[in-house]
Amino acid sequence: MSNKTSKEIETILFKEIIENVEKPGRYTGKEYNEITKTGNVEMIKFALAFPDLYEIGMSYPGYKILYDIINSKENALAERVFLPYRDMEDLMFKKDIPLFSLETYRSLSEFDIVGFSLQHELCFTNVLHMLKLGNIELHSAKRNEKAPIIIAGGPSAFNPEPLADFIDLFVIGDGEDIVKEIIDIYKTWSNEGENRKKDNLLERFDRLPGVYVPSFYKVIYCHDGKIKSFQKKRKEAKNKVEKCIKLDLDNANFPVAPIVPNIGIVHDRITMEIFRGCTRGCRFCQAGMIYRPVRERSKQKLLEIADKSLANTGYEEISLSSLSSSDYSEIDSLIEKLVNKYCEQGVGVSLPSLRIDSFSVQLARQSQRVRKTGLTFAPEVGTSRMSKAVNKNVTENDLYQTVQYALQEGWRRVKLYFMIGLPTEKWEDIEGIIGMIKKVESIGKRVVGKKFSLNISLNAFVPKTHTPFQWIGQEDEKLLLEKYNYIAKRIRSRNISYSYPDTKLSILEAVFARGDRRLCQVLEEAYKMGCKFDSWREYFDYNVWEEAFRKCNLDISFYANRERKKEEILPWDLIDCGVSKEFLWLEWQRALQGISIDDCRLTKCNNCGLQDICKKISEMKNRNQGKIAKQLI
Amino acid sequence: MPYIYRIKYSKDGPLKYVSHLDLNTLFCRTLRRAQIPVELTQGFNPRFKVSFGPALPLGIASREEVLDINLTREMNSEQIKDRINGLVPKGLKIQQVKGISEKDANLSNVLRYAIYLVGLNLRGYEQCTISENAKECLKRNIDNFLKQENIMVEKNTKKGLREVNLRPYIKNLEIVSVQDDIFTIKLTVDIQYRGSINPILIINEFIKRLDTKDICIDNITRRGFDTNK
């Protein structure tokens, strides 16, 4: 596609395209609270690229945080870029316009920096697709000083290797502070005249903790496809990339005037992050490991954020977001304060993640004073042995009591999440899941009667990096399907509905979650053969992926189903998420023995590797409390 | 006694592409930002007591849409208008706010016809009409169009293609002004006859039945509504 100016793109968009696409509101921008920066100062132009549709990208709180931070910098502007849906893509192609930003209809290639948000592995083809639609060379080696610098961050950046050929630098961990430093470094470099070199810029970026520049390393493989070593191409390159950790969330920017979309989006409410991290230690959960340690925002700060956000947006709902919201230390008084203050105005407070206990149900009842929609719980497994193995630490009785309590409190719909194919799972554990579902159904029938509805969501376990299960092979597809079908057959009832995902999708997710650099080639091949939007069932075509692997001479099961040995060099070994590999291995051994460990917030430190950081945080807390105490005197 | 206010607003620019349902949400959020004390509905899911006029088809701007809101207390109309206008998204503007009595509050009783102004681009049209000027010719065509008892077209619905008679929806069609190549015609649509109809469907059918292909819609705007007469 040819390059065009903002003005040209805007004209074509509104004269020839917009009336002919479904949901044109995805492409117009100009929502309330949108920031369009103009001015005489030469500003660094940062595109926040989200490799999915508007409705999805606009729902991520991290995306809003970065938009806010970059735009509040004097020397920078941030604009949003999303993927178009296929009808729009066809028209953009026909009318020859490149991918553009919503704020000023600026072509993606006109930006200085393009930052991708990687929320899951199935968006990787979309990253290539966005570069392509934006007239940007896919390979970082082919992009010169004139092309934008391509950055990626987010949870899937914790294994950056499958995108190593395409991304100039990855940012690992919390982006709040480092994004500012990146912009300043770019600014200095961009003023250095015509002879400035991209390599030199990357070297400067590499000095920042948390930055991983993949082109500074060469990966050597053994005959059997395992990694032999990482070779540094420059001696200054890091041995380990430590993730960025924002210690004090009260001092971190949080957007209090987020964009209010003109059209409905997936999470159309204020999402207020009450804390980051989780120490429950579920062994399958990547988020529970990579977002450690736990850092809370103070209640006072949260009330302030809630107040400003509601005033600035007019939203009718505020969601208290975190990995396990009932674990927030002052959760009941926070909810009480919010409900008392906003309930009369018809503003609802919601809790997205509920622990399985009656305390959580009380919280939910308190927050949804009138609204009685469904409640969702995630027991994940069906026997106490499995519960210990995955360290979920929820007993069957917890679940039954909680469900009974919830139903007595007036709820009529319950949704349960289970994971199939977890390590050490046996058929008796599948029977356990079935028994659990049936027992919940009988409780429902007894308490509620015919109107009780139970929704069961079965998911395939996908081993993820930086978790105690990072070494294990994903369960064979046939067995997974057999288990799904067995459960489905056994739980058939008019009160129960169930769903399970496409197993092929879970396989692909497992491949890319723990893949190495050679997958870049597969990714490109699959993309060229038409793969994109892989997380969407209507787009996903596993046959093409198989073909791509064949072409590249790589084996799907090598990545998905193979168990790794302790001494094997893992593709993500360069990335240090704070939790040590030793701890993860120890946890994996405990899982095999069926031994669970306690949440370190409730008992003692488990020595996961973040002890020093935790110490710093508690010192900081004490100091702050001391300050407050002094003020009170 | 409820405090009911009728709001007249224009919808243009990016908001042309916002559906009726999304506009409802967007408008309520605007009212919340402006701290207008709108009454809440009872029940499980409290909402603002607001009632919107007939839906505007996607892609069409409007100079005057109507909305009734119930407030919990009396407010100065100008104050309501100014407060909202300070906090609207681009494309939305409050034109007028007026307190109304409860018996006037039923919008569907009051709004009978929707009026659209359609700019037709007649470039090249004159070549086809030797004996009369373009305006006369267009007028003759309008008269012929309106003389039809039935105007049957195929309409895309959720249930597939369906045949619809457009004629009962059309109250009137007339030329209002001529400027260069653009003829502005006024279309009056009966909105109480069996649900809504997209005015573009009517205009396209009119164009299709003309004896030339060189005509296209240049712009289309809803001017507002006519009350029941």
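Guide: Contact means that heavy atoms lie within 4.5 Å. The model is predicted: local features need pLDDT of at least 70, side-chain atom pairs count only at pLDDT 80 or more, and totals for chains, interfaces and linings use all residues. Residues are numbered from 1 along each chain as its sequence is written, chains are lettered from A in the order in which they are written, and side-chain values use heavy atoms, with hydrogens and water left out.

Visitor: How many residues of chain A are in contact with chain B?

Guide: On chain A there are 26 such residues, and they are in contact with 22 residues of chain B.

Visitor: How is the size of an interface expressed?

Guide: It is often given as the accessible area lost when the parts come together. Buried area is that loss, found with a 1.4 Å probe and summed over both parts. Here chain A and chain B bury about 2,000 Å² between them, with 54% of it on carbon and sulfur atoms.

Visitor: How many salt bridges cross the interface of chain A and chain B?

Guide: A salt bridge is a side-chain nitrogen of Lys or Arg within 4 Å of a carboxyl oxygen of Asp or Glu. The rule finds 2 across this interface. One of them joins Asp268(A) to Arg29(B), at 3.3 Å from N to O.

Visitor: Which helices of chain A each supply at least two residues of the side that touches chain B?

Guide: Helices (H or I, at least four residues) and strands (E, at least two) are DSSP runs, numbered from the N terminus. The helices in question are α2 (25–28) and α10 (299–313). The largest share, 3 residues, comes from α10(A).

Visitor: What does chain A look like as a whole?

Guide: Its secondary structure comes to 22 helices and 19 strands. The radius of gyration, taken over C-alpha atoms, is compared with a globule rule of 2.2 Å times the number of residues to the power 0.38. For chain A the radius is 25 Å, close to the 26 Å that the rule gives for 633 residues, so chain A is as compact as a globular protein of that length. Along the principal axes, its C-alpha atoms fill a box of roughly 75 × 65 × 55 Å.

Visitor: What percentage of the residues in chain A is buried?

Guide: Buried means under 20% relative accessible area, exposed over 50%, and partly exposed in between (1.4 Å probe, protein chains only). In chain A, 59% of the 633 residues are buried. Asp516(A), in the loop between α17 (503–513) and α18 (519–528), is buried with a relative accessible area of 2%. Leaving aside neighbours within four places in sequence, Asp516(A) is in contact with residues including Glu161(A), Tyr221(A) and Phe558(A).

Visitor: Where do Glu587(A) and Arg283(A), which form a salt bridge, lie in chain A?

Guide: The closest N and O atoms of this pair are 2.8 Å apart. Glu587(A) lies in helix α21 (residues 581–593) and Arg283(A) in the loop between β11 (275–276) and α9 (287–290), so the pair ties together parts that are 304 residues apart in sequence. Glu587(A) and Arg283(A) are both buried.

Visitor: Which residues are linked in a network of salt bridges?

Guide: The network links Asp174(A), Glu176(A), Glu273(A), Arg276(A), Arg295(A) and Arg297(A). Within it, Glu273(A) forms a salt bridge with Arg297(A), their closest N and O atoms being 2.9 Å apart. Both Glu273(A) and Arg297(A) are buried. Over all chains, the count comes to 67 salt bridges.

Technical notes. Buried area = accessible area lost by both parts, 1.4 Å probe.
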